[in-house]
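Hi there,

Here is the model I promised to pass on to you. My notes on it follow below.

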Amino acid sequence: RESQTQELERAVTALRGAYAAFNRGDIDAAVVPLDEHIEWSEPTEFPGGGTYHGREGARRYLSQSRASLAEGTSEPVQFISIGNRIVVFVHAHVRPQGSRDWRDFDLADVYTIRDGRIVQMRAFANRQDALRWAGAENVVPPPSSK
């Protein structure tokens with residue numbers, strides 16, 4: 001059996017690939033690393049926010065999220081392992097459909113790993129909230145890239 005460190009390293013590699021797939025519009029590839037029964041939660045203040053179930057639910061959310069953008073990327077800027085969770089600081093640089101204005105957001109996604117599988121994803125609009133939820137309120141996030 002793999003050590004937890006190896007499991008987390010493998011998950012980070014898979015997640016890097018998933019963000020890259022999302023950024024090129026390949027939603028099918030983006031959901032491959034997820035467990036088929038994943039629980040995917042987005043803040044209610046996000047468009048389409050709420051909880052989605054299973055890989056199909058995650059695909060639905062990501063597809064509609066991508067469809068709302070004229071163009072844009074969600075770049076993972078830092079991966080922080082906390083127990084069986086990986087906190088990913090994400091910088092989103094997006095231009096919504098019908099808008100000329102680019103918007104920048106510093107967000108965090110928290111993935112829970114069980115038996116080498118990504119079984120839960122919870123997104124946060126506030127990085128400090130994500131760290132607190134993952135059990136690492138003493139970790140200081142890097143300065144926001146504005």
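How exposed is Asp 28, in terms of relative accessible area? Asp 28 is partly exposed, at 47%, where buried means under 20% relative accessible area, exposed over 50%, and partly exposed in between (1.4 Å probe, protein chains only).

Before the rest, a word on conventions. This is a predicted model, in which local features need pLDDT of at least 70 and side-chain atom pairs count only at pLDDT 80 or more, while totals for chains, interfaces and linings use all residues. Residues are numbered from 1 along each chain as its sequence is written, and side-chain values use heavy atoms, with hydrogens and water left out.

**Salt bridges**

Side chains of opposite charge can pair when their charged atoms come close. The structure has seven salt bridges, each being a side-chain nitrogen of Lys or Arg within 4 Å of a carboxyl oxygen of Asp or Glu. One of them joins Asp 28 to Arg 59, with 2.8 Å between the closest N and O atoms. Asp 28 belongs to helix 2 (residues 27-31) and Arg 59 to helix 3 (residues 54-67), so this pair ties together parts that are 31 residues apart in sequence. Helices (H or I, at least four residues) and strands (E, at least two) are DSSP runs, numbered from the N terminus. Arg 59 is partly exposed, at 21% relative accessibility.

Another salt bridge is formed by Glu 71 and Arg 95, whose closest N and O atoms are 3.0 Å apart. Here too distant parts of the chain are linked: Glu 71 is in strand 3 (residues 69-82) and Arg 95 in strand 4 (residues 85-96), 24 residues apart. Glu 71 counts as partly exposed, at 36% relative accessibility. There is also a network, in which salt bridges that share partners join Asp 28, Glu 56 and Arg 59.

Arg 24 and Asp 26 meet through their side chains in a salt bridge as well (4.0 Å, N to O). Arg 24 is exposed, at 57% relative accessibility, whereas Asp 26 is partly exposed, at 30%.

**Aromatic rings**

You will find two aromatic pairs. Rings of Phe, Tyr and Trp (its six-membered ring) pair if their centres lie within 6.5 Å; planes under 30 degrees apart count as stacked, over 60 as edge-to-face and the rest as tilted. The ring centres of Tyr 52 and Tyr 61 are 5.3 Å apart and the planes are at 55°, so this pair is tilted. Tyr 52 and Tyr 61 are both buried. Phe 124 and Trp 133 make a tilted pair too, at 5.8 Å centre to centre and 45° between the planes. Phe 124 is buried, at 10% relative accessibility, while Trp 133 is partly exposed, with a relative accessible area of 26%.

Trp 133 also has Arg 85 over its face, 4.3 Å from the ring centre. A charge sits over a ring if NZ of Lys or CZ of Arg is within 6 Å of the ring centre and within 35 degrees of the ring normal. Likewise, Arg 66 lies over the face of Phe 22, at 5.3 Å from the ring centre.

**Helix 1**

Phe 22 is among the buried residues of helix 1, which also include Leu 8, Val 12, Leu 15 and Tyr 19. The cover over these buried residues includes helix 2, helix 3, strand 3, strand 4, strand 5 (103-114) and strand 6 (117-124). Just after helix 1, Gly 25 has a positive phi of about 85°.

**Trp 40 and its surroundings**

Trp 40 sits in strand 1 (residues 34-42) and is buried, at 5% relative accessibility. Leaving out residues up to four places away in sequence, Trp 40 touches Leu 34, Gly 50, Thr 51, Tyr 52, Ala 58, Tyr 61, Leu 62 and Met 121, contact meaning heavy atoms within 4.5 Å. The list takes in Tyr 52 and Tyr 61, the two partners of the tilted pair with centres 5.3 Å apart.

**One backbone detail**

Most residues other than glycine have a negative phi, and most peptide bonds are trans. Asp 115 has a positive phi, near 55°. Asp 115 is in the loop between strand 5 and strand 6 and is exposed, at 51% relative accessibility.
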